[in-house]
Amino acid sequence: MQVIEIKTTPGKYELEVTPAKLEYDNDTIRDMHVQTTPSTLKIDAKNISVKIDSYESRKSIGLMTMGDRISYEANRGKKHASEMTREYVNIGQQMSNIHEGANIPSIIAQKRLAETNPQLVTAFFPSVGPNISWEPNELNLDYKPADVDINWQELDRSMTYIAGSVKFNVVQRASVDIEYVGGPNYFPKSSNPDSEATEE
């Protein structure tokens, strides 16, 4: 007959493991600034410059300024007066020889005949060509290439070490339960009230 009942309860526990890890102190995204300057091309062109000075040419055909016209007419008057003075002096000298048989009407007739028979000369107009000067053309190129400026933000690369951990959690403790399932024991047996007397 079984008088003792033994019950065992196993222990239960849980393990919570956190692994070790490294973490960056700065986890932001690195910024980048890009500045672009486009290329430029400057062209400075200068055409051929021609200068024509026709002042002397126009002057040779009588197209003069007011100052030149006054100077020209003054010189012309002085020349004409000098020529006429020389001519009348010559006529006077011829008339002074009247005692030698000089004929005054003949002298006057010769003078008039000389005036009616102009002298023919060949002339080219304008007598002076224009003064021509020129400056050559110029072409200047100024080219600047494109420029790209990239600015990267430097990040903090420092790291922090986080150690791992192991946690032991006891959910249920182990135990042994012993229970007596039998009845009381009497000694002597005759002291058991439920026992019957035994005949000797």
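1. Glutamate 23 is partly exposed, at 35% relative accessibility. Its side chain meets that of lysine 21 in a salt bridge, with 3.1 Å from N to O. Lysine 21 is partly exposed as well, at 42% relative accessibility. Keep in mind while reading that this is a predicted model.

2. How many salt bridges does the structure hold? The count is 2, and the other pair to look at is glutamate 135 with lysine 46, whose side chains meet at 3.5 Å, N to O. Glutamate 135 belongs to strand 7 and lysine 46 to strand 5 (residues 40–46), so this pair ties together parts that are 89 residues apart in sequence. As for accessibility, glutamate 135 comes out at 34%, which counts as partly exposed, and lysine 46 at 40%, also partly exposed.

3. Glutamate 135 is the bridge partner, in strand 7, of serine 49. The two strands involved are strand 6 and strand 7 (residues 131–135), which pair in the antiparallel sense over 5 bridges. Is strand 6 largely in the open or buried? Strand 6 covers residues 49–53, and of these 5 residues the number buried is 0, so the strand lies largely in the open.

4. Tyr13, Leu15, Val17, Val166, Phe168 and Val170 make a patch of about 650 Å². Which strands supply at least two of its residues each? They are strand 2 (12–18) and strand 11 (165–172). Tyrosine 13, which is found in strand 2, counts as exposed, with 52% relative accessibility; the cut-off for exposed is over 50%.

5. Serine 57 is a contrast worth a click. Is serine 57 buried or exposed? Its relative accessible area is 8%, so serine 57 is buried, given that buried means under 20%. Serine 57 sits in helix 1, residues 55–60. Setting aside residues up to four places away in sequence, serine 57 touches Pro126, Val128, Gly129 and Pro130.

6. Valine 34 is another residue with contacts from elsewhere in the sequence. Valine 34 is in strand 4 (residues 32–37) and is partly exposed, with a relative accessible area of 48%. Leaving out neighbours within four places in sequence, valine 34 is in contact with Val148, Asp149 and Ile150. What separates the C-alpha atoms of valine 34 and asparagine 151? The separation is 6.4 Å, although these two residues are 117 residues apart along the chain.

7. Finally, the whole chain. The secondary structure comes to 3 helices and 12 strands. Among contacts with a separation of 6 or more, 91% are between residues 24 or more positions apart. What share of the 200 residues counts as buried? The figure is 3%, and serine 57 is one of the buried residues. The accessible surface of the chain comes to about 18,200 Å², with 54% of that belonging to carbon and sulfur atoms.

Note on methods:
Residues numbered from 1 in each chain as written. Predicted model: local features only at pLDDT ≥ 70, side-chain atom pairs only at ≥ 80, totals over all residues. Heavy atoms only, no water. Patch = residues over 30% accessible without salt bridge, like charges linked within 9 Å, V, L, I, M, F, W, Y side chains within 5 Å. Areas by Shrake-Rupley, 256 points an atom, 1.4 Å probe, with all protein chains shown as cover. Salt bridge = Lys/Arg side-chain N within 4 Å of Asp/Glu carboxyl O. Helix = DSSP H or I, 4+ residues; strand = E, 2+ residues; numbered from the N terminus. Buried < 20%, exposed > 50% of the residue type's maximum accessible area, 1.4 Å probe, protein only. Contact = heavy atoms within 4.5 Å. Pairing = 2+ DSSP bridges.
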